[in-house]
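Reader: Hello! I am new to this and would like to learn how to read a structure. Could you walk me through it?

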Amino acid sequence: MTPPVCSLYVPGDRPERFGKAAASGADIVILDLEDAVGADRKDVARENVCAHLAERRSGPELHVRINDPATERGRADLAALAELPGLDAVRVPKIHGVRDLAVVDEAFGDRPTPVQALLESARGLTDAAAICAHPRVAGVGLGEQDLAAELSITDQRAFDHLRLRLVLAAAAAGLPPVAMSVHADVHDEAGLRASCAHGRSLGMFGRSAIHPRQVPTIRAAFRPTPEEIARAGEVVAAAEQHGGEGALALPDGRFVDAPIIAKARSTLALADRLAERG
């Protein structure tokens with residue numbers, strides 16, 4: 001299994017965009033009930049999303065980002081979603097600690113709906129290891145705009161420390177790589193491309209988008225390069241020739257072991273998946 005490359009947010013009160021989002025090339029469509037929806041449109045958005053999930057047939061994964069679970073509106077979102085098919089995961093914002101996940105367990109009960117936990121505060125990052133280890137959590141992400149406001153961050157480089165903390169916590173818990181937060185300027189293709197490359201260097205993988213035009217750029221940024229594919233192919237070929245997963249020597253004298261071989265197989269699988277989807 002290779003992790004998703006791109007998730008696309010679409011406002012829950014714009015049902016005419018749901019189909020377009022599904023056709024955008026994103027691996028995941030996030031039907032948003034939170035930040036993308038005005039306060040006076042929240043109920044309409046929930047009705048639209050529930051109707052869409054009830055009649056879902058095929059397409060990319062469908063996630064729903066609910067409102068703050070500590071609020072009555074967030075709990076109402078969870079109650080409505082718990083009764084519906086078609087939901088692949090629920091994205092829960094404002095997770096400050098493991099206790100904030102109890103409301104999800106209460107709403108979904110034995111239904112094994114996974115949670116994508118969004119850590120948007122200093123408290124959330126401080127409790128990141130425990131949040132990542134929660135049995136319902138299938139992935140985590142950073143709410144960088146909220147963190148910037150709380151911590152008075154004015155230099156984007158300060159986020160690298162926070163990103164690495166979450167990358168480490170997710171890896172220690174056996175979760176997929178942490179995806180990057182949205183790039184707010186939908187016209188800044190060069191900036192988006194450079195930002196993706198930087199996040200990739202920190203161990204992050206994939207990114208959320210807020211407009212379909214960002215999807216191809218994100219997919220290209222996380223696609224293995226021809227050089228990476230060639231190196232991975234060499235490693236996998238050597239492993240198959242030796243019939244094992246232990247340490248082995250490549251023709252150029254480099255030694256590789258099981259984790260490097262597994263990474264090489266993942267690289268080839270990702271390249272194949274992205275090639276198949278164009």
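Reader: How many salt bridges does the rule find across the interface of domain 1 and domain 2?

Author: Welcome! Keep in mind that this is a predicted model. A salt bridge asks for a side-chain nitrogen of Lys or Arg within 4 Å of a carboxyl oxygen of Asp or Glu. Between domain 1 and domain 2 the rule finds one. Arg200 and Glu228 form a salt bridge through their side chains, at 3.0 Å from N to O.

Reader: How much area do domain 1 and domain 2 bury between them?

Author: About 500 Å², with 37% of it on carbon and sulfur atoms. On the domain 1 side, Asp27, Arg200 and Arg219 lose the most area to domain 2, together 68% of what that side buries.

Reader: Now for a single residue. Does Ser121 count as buried or exposed?

Author: The general idea is that buried means under 20% relative accessible area. Ser121 counts as buried because its relative accessibility is 5%. Ser121 sits in the loop between β5 (115-119) and α5 (122-126).

Reader: Which residues does Ser121 touch, not counting residues up to four places away in sequence?

Author: Ser121 touches His96, Leu147 and Glu150. With His96 there is also a polar contact, side chain to side chain, at 2.7 Å.

Terms used: Residues numbered from 1 in each chain as written. Predicted model: local features only at pLDDT ≥ 70, side-chain atom pairs only at ≥ 80, totals over all residues. Heavy atoms only, no water. Buried area = accessible area lost by both parts, 1.4 Å probe. Helix = DSSP H or I, 4+ residues; strand = E, 2+ residues; numbered from the N terminus. Buried < 20%, exposed > 50% of the residue type's maximum accessible area, 1.4 Å probe, protein only. Polar contact = N/O pair within 3.5 Å; in protein donor to acceptor, adjacent residues only side chain to side chain. Contact = heavy atoms within 4.5 Å.
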